[in-house]
Amino acid sequence: MIVHNNNERPTDQGTTFSANSFLAMRLPHFERETLIERAFDGVPQYFHDLGDNDDINNLNEVWAHAAPLVQYLNRVCRERVRG
């Protein structure tokens, strides 16, 4: 399991299709696979945001991407467990 550690709400709610699509396209394959392998090996992984902008369309602030990244990676892990 990959852990979001920003004292925010790490839920599957709020992750938009556009964020998932963006992450699927932009996260390099090697890095994604390394993070997933570590998750299945039981290695805790923590992601931190410096801000709290969870609106990918808000261009006035840096996008806080740790929660959607964690949600995306956990979804990929769940899909692989299910086969």
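This report covers the fold, the confidence and two local features of a predicted model.

Residues are numbered from 1 along each chain as its sequence is written. Local features need pLDDT of at least 70, side-chain atom pairs count only at pLDDT 80 or more, totals for chains, interfaces and linings use all residues, and side-chain values use heavy atoms, without hydrogens and water.

**Fold.** The chain has three helices and two strands, in the order β-α-α-β-α. Helices (H or I, at least four residues) and strands (E, at least two) are DSSP runs, numbered from the N terminus. Of the 83 residues, 37% are buried, that is, under 20% relative accessible area with a 1.4 Å probe, protein chains only (exposed is over 50%, partly exposed in between).

**Confidence.** pLDDT is the predictor's confidence in each residue, from 0 to 100. The chain mean is 75, and 76% of residues reach 70 or more. Over residues 4–17 pLDDT stays under 50; the model has 21 contacts for them beyond four places in sequence. A contact means heavy atoms within 4.5 Å.

| Element | Mean pLDDT |
|---|---|
| Strand E1 (residues 3–4) | 50, the lowest among the elements |
| Helix H2 | 90, the highest among the elements |

**Helix H2.** H2 spans residues 29–40 and reaches 16 Å from first C-alpha to last. Its buried residues are Arg32, Glu33, Thr34, Leu35, Ile36 and Ala39. Glycine 42 follows H2, with a positive phi near 85 degrees.

**Aspartate 49.** Aspartate 49 lies in the loop between strand E2 (46–47) and helix H3 (66–82). Aspartate 49 counts as buried because its relative accessibility is 10%. Its C-alpha is 5.7 Å from that of alanine 64, 15 residues apart along the chain.

Key. Expected span 1.5 Å × (residues − 1).
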